[in-house]
Amino acid sequence: MTEATDTRFADLELIKTGDGSYSIYLPQLNETYHSRHGALHESQYVYIDHGLADYWKQQLAKGERKKEVCVLEIGFGTGLNAWLAARWATANDVAVQYTSLEPYPIPPAMVAKLQDGLEDPALFNQLHKVAWDEWNAIRPLFSLRKVAQRLEDWTTAQQLETQYDVIFYDAFGPSKQPEVWSAGNLLTCAQLLLHGGVLTTYCAQGQFRRDLKAAGLTLVKLPGPPHKNEMTQGWKIKLLPS
Ligand SMILES: C[S@@+](CC[C@H](N)C(=O)[O-])C[C@H]1O[C@@H](n2cnc3c(N)ncnc32)[C@H](O)[C@@H]1O
């Protein structure tokens, strides 16, 4: 594991969000890991309902049922998206292989605080405790590979040989970390998507959407989670009615 260092990610403050779930605030970036109006609700809505579940509905509409769904997450962070994806896999009887990039992992003391009130804290802890840079079988239908690298460093030619069905683009906002939302990174993600795949994100910024469209994806605007007008999906296909 070769973590990057950046002092903007050094000070972490625990926050309780509107739906009672916990998240993190970074004072130096003046940014939160999730919506203050509800971390759990936002993750479920943007990444599970309009990521994994919408992708799976398209598969079923095409009469296809892949043996496993490969997910790439930009920003493991608190592990909340991964935790929800593991539970979705079990609930829907779909195998999920989950790769997550995280150059600035959160410390164990913060993991202990974040699990407060979660239904399955053992699963949450396991996601954080397993080794980096290798595949870990978490549950019969869920495998996790955490990679301690920045998206822009990780995508070498070798990495581009693997493609994904669903990308969770969950970086900090474009105004806070513009380098992560570069047109180059978005083009890389479009190349990393398999035909029929979808990139999903809370972000609805205009330049981001233009760059994603220029990268060849078909954009869908959806209503955002509470207190947010819109979110974005980018599909590598023409969509079928589902
Ligand atoms: C909005 S938070 C992620 C929330 C996370 N998905 C969760 O469920 O808690 C953004 C994450 O992106 C990570 N990050 C920062 N720079 C990055 C980069 N260049 N490439 C990939 N991830 C990055 C941050 O450390 C942070 O954990």
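This is a predicted model: local features need pLDDT of at least 70, side-chain atom pairs count only at pLDDT 80 or more; totals for chains, interfaces and linings use all residues.
Two strands count as paired if DSSP finds at least two bridges between them.

How many other C-beta atoms lie within 10 Å of Leu 29? There are 15, so Leu 29 is partly exposed. Leaving aside residues up to four places away in sequence, Leu 29 touches Arg 8, Phe 172 and Lys 176. Arg 8 is 21 residues from Leu 29 in sequence, yet their C-alpha atoms are 6.1 Å apart in space.

Next comes the open sheet of eight strands, with the order 6-7-5-4-8-9-11-10 and mixed pairing. Strand 6 (136-139) and strand 10 (218-223) are at its edges; each has a single partner strand, so one side of each lacks a neighbour in the sheet. From one strand to the next, the twist averages 20 degrees. Helix 1 (residues 39-61) packs on this sheet and touches strand 4 (68-74), strand 8 (164-169), strand 9 (193-201), strand 10 and strand 11. The direction of helix 1 makes about 160 degrees with that of strand 9.

Strand 8 is a handy reference for finding your way around. Six of its six residues are buried. Strand 8 runs parallel to strand 4, joined by four bridges, and Leu 72 has Ile 167 of strand 8 as its bridge partner. Strand 8 and strand 9 are also parallel and joined by four bridges; here Val 166 stands opposite Val 198 of strand 9.

## Strands 10 and 11

The loop between strand 10 and strand 11 includes His 227. Most residues other than glycine have a negative phi. His 227, by contrast, has a positive phi, near 70 degrees. Is His 227 buried or exposed? With 11 other C-beta atoms within 10 Å, His 227 is exposed.

## Around the ligand

Which residues come nearest to the ligand? Of the 21 residues around it, they are Gly 75, Gly 77, Thr 78, Leu 80 and Arg 150. The shell is made up of eleven nonpolar, six polar and four charged residues. Helix 2 (80-92) and helix 5 (151-154) each contribute at least two residues to the shell.

In the loop between helix 2 and strand 5 (95-101) sits Asp 93, a residue other than glycine with a positive phi near 55 degrees. Asp 93 has 7 other C-beta atoms within 10 Å and is therefore exposed.

Helix 4 (residues 121-129) has Phe 124, Leu 127 and His 128 as its buried residues. These cover an arc of only 95 degrees around the axis, so they are on the same side of helix 4. Their cover includes helix 2, helix 3 (108-114), strand 6 and strand 7 (142-147). Exposed Ala 122 and Lys 129 are on the face of helix 4 turned away from the buried side.

Helix 7 (residues 206-214) buries Phe 208, Asp 211 and Leu 212. Seen down the axis, the buried residues of helix 7 fall within an arc of 100 degrees and so line one face of the helix. They pack against helix 6 (183-192), strand 10 and strand 11. On the face of helix 7 turned away from its buried side you will find the exposed residues Gly 206, Gln 207 and Ala 214. Just after helix 7, Gly 216 has a positive phi of about 105 degrees.

Conventions: Residues are numbered from 1 along each chain as its sequence is written. Axes are lines fitted to C-alpha atoms, for helices over the stretch in contact, and angles run from 0 to 180 degrees between N-to-C directions. Two residues are in contact if their C-beta atoms, placed from the backbone, lie within 7 Å. A residue is near a molecule or strand if its C-beta atom, placed from the backbone, lies within 6 Å of it. Ala, Val, Leu, Ile, Met, Phe, Trp, Tyr, Cys and Pro count as nonpolar, Asp, Glu, Lys and Arg as charged, and the others, Gly among them, as polar. A residue is buried if 20 or more other C-beta atoms lie within 10 Å of its own, exposed if 12 or fewer, and partly exposed in between; C-beta atoms are placed from the backbone. The arc is that of the directions from the helix axis to the C-beta atoms.
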